[in-house]
Structures are given as C-alpha cells and as structure tokens.
Amino acid sequence: MLLGSWLLGGRAWGRAKEEPFESGVLGAGSTRLRLSAKFYLVAMFFVIFDLEAVFLFAWAISVRESGWPGFIEALVFISILVASLAYLWRIGGLEWAPDGRRKLAQRDKANPA
C-alpha cells in the first residue's frame with residue numbers, strides 16, 4: 001500500500017507546497033510556543049482531582065449496596081485527597097508565579113506608572 005501510493009502519488013514540488021496550511025489560514029510566526037512546566041503540573045493536578053469526582057460518583061450510585069464499609073472507604077479516600085491537596089498547597093505546587101514575580105506584579109498594580 002505504501003509503495004503503491006508512492007508510485008501513483010503526485011510529484012509536484014514548490015515553495016507553496018512546503019508551507020503549512022491550516023483551515024485556509026496561512027501560518028504566521030513561529031510554531032515554537034514555550035509553556036511553563038507549572039502549566040503541565042496544574043493540568044496533571046486537575047486530572048488527578050477530577051478523577052476523584054468520577055470515583056465518588058460511582059460510589060454515590062452504589063451507596064446502598066456498599067453500606068457502612070463503603071462509606072468508611074469513601075471517607076478514607078476523601079481524606080487522602082484532602083491531605084494531598086493540603087500538601088500541594090503548602091509546597092506551592094498550585095501557584096503559577098514565584099514569590100518574586102508575584103510581589104512585582106502586586107507592586108506594579110499598586111503604583112501604575
């Protein structure tokens with residue numbers, strides 16, 4: 001299949017053919033976008049804590065069948081998640097900017113030039 005498409009495919013080359021084309025709009029600028037590692041860290045935290053809602057929803061549907069042991073397990077699960085959230089908050093894992101940049105931003109907001 002690959003060999004057949006290579007043999008039967010078009011061979012037209014040109015500058016316009018080498019440019020990226022997305023939905024009728026020509027690209028402008030560089031495609032290299034630098035994102036902070038904090039962005040990915042917060043995204044992972046969101047996924048982790050969002051999955052908690054899925055597990056708790058499944059528990060809420062089967063709460064009558066699971067009884068008291070299921071309730072205790074759900075409390076243990078929630079307490080572990082609350083402890084991990086408190087730990088992340090304490091170490092500064094949920095903050096976007098370091099203290100220095102945050103203080104500069106607050107100072108600039110208070111004293112506009």
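Helices (H or I, at least four residues) and strands (E, at least two) are DSSP runs, numbered from the N terminus. By that rule, F77 lies in helix 4. This is a predicted model, where local features need pLDDT of at least 70, side-chain atom pairs count only at pLDDT 80 or more, and totals for chains, interfaces and linings use all residues. Residues are numbered from 1 along each chain as its sequence is written, and side-chain values use heavy atoms, with hydrogens and water left out.

Q: What makes up the secondary structure of the chain?
A: There are 5 helices and 2 strands. Going along the sequence, they follow the pattern α-α-β-β-α-α-α.

Q: Why are helix 3 and helix 4 called roughly antiparallel?
A: Their axes cross at roughly 165° and come within 9 Å. Axes here are lines fitted to C-alpha atoms, for helices over the stretch in contact, with angles running from 0 to 180 degrees between N-to-C directions. Angles under 35 degrees count as roughly parallel, over 145 as roughly antiparallel, 65 to 115 as roughly perpendicular, and the rest as oblique. So helix 3 and helix 4 are roughly antiparallel to each other.

Q: Which residues make the contact between helix 3 and helix 4?
A: Contact means heavy atoms within 4.5 Å. Helix 3 brings residues including F45, F49, F55 and W59, while helix 4 brings, among them, F71, A74, F77 and L81.

Q: What does F77 touch, not counting residues up to four places away in sequence?
A: F77 touches E52, F55 and L56. As for L56, it sits 21 residues from F77 in sequence and 9.0 Å away in space, C-alpha to C-alpha.

Q: Why is the pair of F55 and F77 called edge-to-face?
A: Rings of Phe, Tyr and Trp (its six-membered ring) pair if their centres lie within 6.5 Å; planes under 30 degrees apart count as stacked, over 60 as edge-to-face and the rest as tilted. The F55 and F77 rings have centres 6.0 Å apart and planes at 90°, so they pair up edge-to-face. F55 is in helix 3 and F77 in helix 4, so this pair ties together parts that are 22 residues apart in sequence.

Q: Why is the pair of W59 and F71 called tilted?
A: The ring centres of W59 and F71 are 6.2 Å apart and the planes are at 35°, so the pair counts as tilted. W59 in helix 3 and F71 in helix 4 are 12 residues apart. At 24% relative accessibility, W59 counts as partly exposed, and F71, at 33%, also counts as partly exposed.

Q: Which residues do ring pairs link into a cluster?
A: That would be W59, W68 and F71.

Q: How many of the residues in the chain count as buried?
A: Of the 113 residues, 7% count as buried.

Key. Buried < 20%, exposed > 50% of the residue type's maximum accessible area, 1.4 Å probe, protein only.
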